Amino acid sequence: MTNPFFAQWQTPFGAPPFGEIETAHFQPAYAEALATHKREIAAIVADPAAPTFDNTIAALERSGQMLKRVDMVFGQIASANTSDELQAVEREMSPLLARHWNEVYLDAGLFARVDQLFQARASLGLDPEALRVLERYHLDFVRAGAKLTDADRARFGEIVERLAVLGTSFGQNVLADEQSTVFALTEAEVDGLPDSARAAAAQTARDRKINAPYAATTSRSSVEPILHFAKNRSVREKVWRAFVSRGHNGNANDNRAVVAEIVKLRAELAALLGYASYADYKLADSMARTPAAAQELLEAVWRPGRQRALDDAKALQELAAKDGDFTLEAWDWRYYAEELRLARYDFDENQIKPYLELERVIEAAFYTATRLFGLSFVPRDDIAPYHPDVRVWEVQRDGKAIGIFYGDYFARASKRSGAWMTSFREQSKLDRTVLPLVVNTCNYIKPPEGQPALLSLDEARTLFHEFGHGLHGLLSNVTFPRISGTNVVRDFVELPSQLYEHWLETAPVLARLVHVETGEPIPEALLAKLKAARKANTGFETVEFVSSALLDMAYHSAGPDAGIEVDPLEAATLERIGMPREIALRHASTHFLHLFTGDGYAAGYYSYLWSEVLDADGFGAFEDAGDPFDPATAERLYTYVYSGGGSRDFGEAYRLFRGRDPQIDGLLAKRGFTASAA
């Protein structure tokens, strides 16, 4: 068997040859890549020469190239086009990879070299970017246990390996629940759904081979139209209950024990490193710095958001009274919120969907990047995708290629839920120019053949959001991989993505979103209604998000001796914050993929709100200039936010762009809350 991972890829831009890559290639490729990286690390440690930046830090940057190549390809395929065989590889490899990285970061000889350079950093004559890389590497080693005693290192390694196994199990359990739950729906049960949603539900029934005219899964893109528009209350209830119960069904996929063990082990890991809690550990390397700062922001937004939701709940209950004598429940909120929006603002979101055809929204995202950063996008049908639905573009700036962009937009049974950005290769210029290969993954319902994919306004925002992440990777212009693109702290990484969402609703972008059938632009009267209705449901949106972030902090603020039981902790947290009964968590514990498939957003879900302070304040720079594409402001945005990666302190990067520290007023105004209400 010829394994493509053992050869140089003779493809355009060195892109992965997905037509040649098979599941059977991954295990031998991982084995060889791990062995090669171990030899490279051993050579760095054994170098008889005194440590220098080049023979230690740059050598670390040059090491592990094959491992990165295998891991980045596998990670995306295992998330976006998985199979039983790929999941078996994932279960086998996750502890082995964790063990490997433990051995790297806990290698005393390697850390001694890094530490010697760090202590002498002021005298090394490094340029600012190289100094930043040295400082980040030293911090990486320290936070990965390099200063622990031998006994504590051994326990630290055991914890990291076990957490890797548990994270893989958590994600696979959620996907298994999603794959096994499909609702057959009758004509009467989809009454109220717009034509595009009905067509998508019919396609789901065909794709899942359901003997019914329509079907729904528990993916968010399938659930949301039913909760918003299905007139049949019992249908809304059964779909909602399945959606919020993923990982919590008392079956082999139940994640409660997994969550409890993850939280306990994380607290123990933090204690080994001298932190009072895992939240203290995680936020020590963030813009927020402390859990108290994150908590303060969450509570400042929670208070007015909760009050707005409580006020709206009364209005929704009054609307519901016309349909029967029942108490408003969580599966009713979205349905009656649509009616309330219509009553208050004469705005029906279905009126805007014909203008949000997927192709038009993609083009609008590209147009925005062209206006801001001078980018152009050229389809590349000669670059193989990993699935037939995936599309590929070459991205150019000033006539030169700067990267490759893959768009994977449609839901399928083999793809985990949600939306994300990742890379098959990251930008760098250490020894040669390496162009990034960036991927956006979404989960829009695929329409029947020949019909357009119409997005909701929220789905269109998601496309802009993920493309903002994509641009953060594509526009990266640094020397070292360690600080390339999105390799930044968690509460800064959401700034480029959330900021990019603002352009969707600017006049020049909206003007490009024409009706899918008539080609006519959005009428001014409809735009006025859209603008007026922007804050229509911000109480609900704030409550479902902030409650999830507060739950995250509750889990990760516990000490190592706290006994964690998922259901009681979740219930106690919601009672403590006064969670409105009619609203559910955006992510309940047992399917909170952000927190428990890895540690990226653990004690970090608040970062979306932290970045919203930055993005609302940051877009104000364009508003102050009177032009959403003001060239001088766009140039600062490119230089200090999108292209700089982690090359400077993140607070400094924002100040260089904005000219001052961020202020919360923009966020409160964006959500329709006044500063005094907070």
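The model is a predicted one, in which local features need pLDDT of at least 70, side-chain atom pairs count only at pLDDT 80 or more, and totals for chains, interfaces and linings use all residues. Residues are numbered from 1 along each chain as its sequence is written, and side-chain values rest on heavy atoms, with hydrogens and water left out.

**The sheet**

Strands of a sheet pair through backbone hydrogen bonds, in either the parallel or the antiparallel sense. Here two strands are taken to pair if DSSP finds at least two bridges between them; strands (E, at least two residues) and helices (H or I, at least four) are DSSP runs numbered from the N terminus.

| Strand pair | Sense | Bridges |
|---|---|---|
| β4 and β5 | antiparallel | 7 bridges |

On the β5 side (residues 400-410), Trp-393 has Phe-405 as its bridge partner. The hairpin of β4 and β5 has 2 residues between the strands, and Asp-398 takes a positive phi near 55° there. Strand β4 (residues 391-397) is largely enclosed by the rest of the structure, because 6 of its 7 residues are buried, that is, under 20% relative accessible area with a 1.4 Å probe and protein chains only.

The open sheet comprises 5 strands in the order β3-β4-β5-β7-β6, with mixed pairing. Its edge strands, β3 and β6 (420-425), each pair on one side only. On average, neighbouring strands are turned by 30° against each other, direction ignored. Helix α15 (residues 358-373) lies across β3, β4, β5 and β7 (437-444) and runs at about 140° to β3. Angles run from 0 to 180 degrees between N-to-C directions, and axes are lines fitted to C-alpha atoms, for helices over the stretch in contact.

**The packing of α5 and α6**

Helix α5 (residues 108-119) packs against helix α6 (residues 128-143) at an angle of about 135°, their axes being 10 Å apart. That makes α5 oblique to α6, the class left once angles under 35 degrees (roughly parallel), over 145 (roughly antiparallel) and 65 to 115 (roughly perpendicular) are set aside. The contact (heavy atoms within 4.5 Å) involves several residues, including Leu-110, Phe-111 and Asp-115 of α5 and Glu-135, Tyr-137 and Phe-141 of α6. The contact residues divide into 9 nonpolar, 2 polar and 2 charged; Ala, Val, Leu, Ile, Met, Phe, Trp, Tyr, Cys and Pro count as nonpolar, Asp, Glu, Lys and Arg as charged, and the others, Gly among them, as polar.

Definitions and conventions:
Buried < 20%, exposed > 50% of the residue type's maximum accessible area, 1.4 Å probe, protein only.
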